[in-house]
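Please look over the fold and the metal site of this protein before reading on.

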Amino acid sequence: SDKVMFYADSGCSSHLCTESIGRYLFNIEPVNVQISVAKQGEKLHATKRGSLRVKWNGKPMVLLNVLLCKELPYNLLSVSKMERAGLKIVFEKEKVEVLSSNGLVLRGDLQGNMYTVLLDVVEQHTAAAVSEPDMHRRMGHSSVHPTKELCDVCMKGKQTRTPYVDLPESKKPKRILEVVSSDLKGPLTPATFDSFRYYVTFTCHFSNFTHIYLLRSKDEAFEKFVEYEATVTSRFLTRISRLRVDNGGEYRSEQFQRFCREKGIEMEFNISRNPSQNGKSERLNRTIMSMARCLVMDSPLGKEFWGEAVRTAVYLINRLPTKALPDGKTPAEVWYGRPVDLSNIRVFGCRAYAHVSKEDRKGSLDPVSR
Ligand SMILES: [Zn+2]
């Protein structure tokens, strides 16, 4: 571990760290966040966000959402952030004390005109540290988590990228679920091992958060939309105002249109193949399919596992920053209202041991895990 000096700063809204301790960050995600540093009056850019394991007086703690900023000359602890976390910060007699309901968390003292805190910065357990190529694979070969190594899966699996077209501010939705778009793809061959042939997606345009459902037949899109509508509207206690779909017959069905009328959802059909109208779902579908292709290629699983692959792709896409959101935010961050934790993500199709209960073991010679 390293002894590292932090300034307790009431001007910044996030904890900030310098490049020199960047190697201690874990759960790192790339960001592009502008920071205004009060005293310098200039804008700085943070390029990464992660967690930092520290100790004060031997007591371990984790600083979450620490922004790494290369231009920054010193490390800053955000006073407002600690206050938002329920801690009490007392500046008194040339000391700063951070208190929780259990007592003293850390103490620093005034040096010059800055309150300084000395922390031991601790290495995250090496077993949990994820190498760059491994993170690239875990995140579905996304270019957001690049690898310097030549990746043959990327070369074989990826299509050219669809250019991103930004909407004018006036056309962007103002609240969650205001606009949802849906798209249905299939039939895909081969069918999945459990005989799914299609998938349908629903994307909230405000958050860019996507739900995906696998279908055995096209007409199941209706019941999946009913399920989606019930889940998301009760989560946010708000309505879907508009549902944007292509001209597919499954959305034209009487039951689909009646359901939308009853829920007060205005249906918008993209009659033309106008890319500016269809851009979002076209782009999303390409991203899903090319990531799913990479996931299957990079796994020991066969093509009949595309169902798991497209669901994993959507899970990952929801956790990757998108140009459609400001400050390098991810759809999941907007949807759940808190930063995402990437530490539980493993490489797709990697061997995961599921414990087989005694009842499920047919004979005593069956393996205990499979
Ligand atoms: Zn790759």
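This is a predicted model: local features need pLDDT of at least 70, side-chain atom pairs count only at pLDDT 80 or more; totals for chains, interfaces and linings use all residues.

Residues are numbered from 1 along each chain as its sequence is written, and side-chain values use heavy atoms, with hydrogens and water left out.

Of the 370 residues in the protein chain, 44% are buried, where buried means under 20% relative accessible area, exposed over 50%, and partly exposed in between (1.4 Å probe, protein chains only). The protein chain has nine helices and 15 strands; these are DSSP runs numbered from the N terminus, with helices (H or I) of at least four residues and strands (E) of at least two.

**The five-stranded sheet**

Five strands form an open sheet in the order β13-β12-β11-β14-β15, with mixed pairing, and two strands pair if DSSP finds at least two bridges between them. Its edge strands, each pairing on one side only, are β13 (210-215) and β15 (266-270). Strand β14 (residues 242-246) runs parallel to β15 and is joined to it by five bridges, whereas β11 and β14 pair in the parallel sense over three bridges. R244 has S181 as a bridge partner, and its bridge partner in β15 is E268.

Helix α4 (residues 220-236) lies across β11 (179-185), β12 (198-204), β13 and β14, and runs at about 150 degrees to β13. Contact means heavy atoms within 4.5 Å, and axes are lines fitted to C-alpha atoms, for helices over the stretch in contact, with angles from 0 to 180 degrees between N-to-C directions.

**The zinc site**

The zinc ion has four protein donors, H136 (NE2), H141 (ND1), C151 (SG) and C154 (SG), which lie 2.0 to 2.3 Å from it. Donors are N, O and S atoms within 2.8 Å of the metal (3.2 Å for Na, K and Ca), and water is not among the atoms, so sites may look incomplete. The angles among the four donor atoms are 99 to 120 degrees, and the site is tetrahedral, a term that for four donors requires all angles to lie between 85 and 135 degrees. Along the chain the donors follow the spacing H-x4-H-x9-C-x2-C. C151 is buried, because its relative accessible area is 15%, and C154 is also counted as buried at 15% relative accessibility.

H145 lies in the loop between α2 (132-138) and α3 (152-157) and counts as buried at 8% relative accessibility. Its contacts include the zinc donor H136, as well as M135 and L320.

**Backbone details**

| Peptide bond | Omega | Location of the proline |
|---|---|---|
| G186 to P187 | about 0 degrees | P187, loop between β11 and β12 |
| T189 to P190 | near -5 degrees | P190, loop between β11 and β12 |

S195, in the loop between β11 and β12, has a positive phi near 60 degrees although it is a residue other than glycine.

Methods:
Four donors count as tetrahedral if all angles lie between 85 and 135 degrees; four count as square planar and six as octahedral if opposite donors are over 155 degrees apart and all others between 65 and 115; anything else is irregular. Lists of a residue's contacts leave out its neighbours within four places in sequence.
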